[in-house]
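Hi,

Here is the structure I promised to pass on. Have a look at it first, and then read my notes below.

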Amino acid sequence: MGLMARKVLGERPVKAEINLHGSFAQTYRGHGTDKALVAGILGFLPDDERIRDALKLAAEEGLDVSFQTVHLDGAHPNTAVIALTGESGHVARVRGASVGGGNILISNINGYEVELTGQYPALVTIHRDRPGIITQVTQILSRYELNVAFMRVSRQNRGEMAMMILEMDEAIPSEVVEECQQVSQVQKALCIPAIG
């Protein structure tokens, strides 16, 4: 989850506020959840041997980390809400859960309801909710012969800002992200590589 949050932020984080719910809140120190989340925020993959030293390494890199326990109504018992601030001041807020078997489910990104597992590379756009935006983005994908495995679009209010997540069967070239960023009404386009 920490690595997904870092990918959503899209830059080096300097501050991480981590809220833990349920069993995560009760056992995060004893089970190493704190180290695993911070390791992901530092950009480490799940099999990285440095995970055990993640808290120390974060301090050495100047990453300000804080943990807080919270209660989230109806949330999975292994839920974390991670708020990251990047070196440019950009902020990303990601809510996710460890759902067992080494799998995660990201359920909210910056206030948008999502379903993102990290098993597929994903193209994410934040755009104004206008007709034709989805078509323009998918036409770019078609030109590059990229196949969409799963797609979800959510918005906060009609005609305002929306988020589209396209999980792909193959890696997403940087040129695709750049072209999507140029689509009228797209505020931000980013690629979240597969984690597993």
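Let's start with helix α5, residues 133–143, where I133, V137, I140 and L141 are buried. "Buried" here means under 20% relative accessible area, while exposed is over 50% and partly exposed is in between, using a 1.4 Å probe and protein chains only. Helices (H or I, at least four residues) and strands (E, at least two) are DSSP runs, numbered from the N terminus.

The arc is taken from the directions that run from the helix axis to the C-beta atoms.

What do the buried residues of α5 pack against? The list is β7 (122–128), β8 (148–155), β9 (161–168), α6 (174–181) and β10 (186–192). Contact means heavy atoms within 4.5 Å. Just after α5, E145 takes a positive phi of about 55°.

Before going on, keep in mind that this is a predicted model: local features need pLDDT of at least 70, side-chain atom pairs count only at pLDDT 80 or more, and totals for chains, interfaces and linings use all residues. Residues are numbered from 1 along each chain as its sequence is written, and side-chain values use heavy atoms, with hydrogens and water left out.

**The four-stranded sheet**

Next comes an open sheet of four strands in the order β8-β9-β7-β10, with antiparallel pairing. Two strands pair if DSSP finds at least two bridges between them. At the edges are β8 and β10, each pairing on one side only. From one strand to the next, the twist averages 15°. For angles, axes are lines fitted to C-alpha atoms (for helices, over the stretch in contact), and the values run from 0 to 180 degrees between N-to-C directions.

Inside this sheet, β7 and β9 are joined in the antiparallel sense over seven bridges. To find one of them, look for H127, whose bridge partner in β9 is A162. Helix α5 packs on the sheet and touches β7, β8, β9 and β10, its direction making about 25° with that of β9. Helix α6 packs on the sheet too, touching β7 and β10, and its direction makes about 165° with that of β10.

In α6, the buried residues are V176, V177 and C180. They cover an arc of only 100° around the axis, which puts them on the same side of α6. These buried residues of α6 pack against β7, α5 and β10.

**The six-stranded sheet**

There is also an open sheet of six strands, with the order β2-β1-β3-β4-β5-β6 and mixed pairing. Its edge strands are β2 (64–70) and β6 (112–116), each pairing on one side only. Ignoring direction, neighbouring strands of this sheet are turned by 20° against each other on average.

β1 pairs with β3 (residues 78–86) in the antiparallel sense over eight bridges. N19 stands opposite V81 in β3. Helix α1 lies across β1, β3, β4 (91–100), β5 (103–109) and β6, running at about 35° to β3. Helix α3 (residues 33–41) packs on the sheet as well, touching β1, β2 and β3, with a direction about 145° from that of β1.

Is A16 buried or exposed? A16, which is found in strand β1 (residues 13–21), is buried, with a relative accessible area of 0%. Leaving aside neighbours within four places in sequence, A16 is in contact with I41, L63, D64, V65, S66, A83 and L84.

**Cores and cysteines**

A nonpolar core is a set of buried Ala, Val, Leu, Ile, Met, Phe, Trp, Tyr and Cys residues joined through side-chain atoms within 4.5 Å. The largest has 42 residues, and I82 and I106 touch the most other members. Helix α1 (residues 2–9) gives the most to this core, with five residues. A second, separate core of 16 residues includes I140, M168, V176 and A189.

How many disulfides are there? Taking a disulfide as a pair of cysteine sulfur atoms within 2.5 Å, the count is zero. C180 is in none, and the nearest cysteine sulfur, that of C191, is 10 Å away. C180 is buried, with a relative accessible area of 0%, whereas C191 is partly exposed at 25%.

Enjoy exploring!
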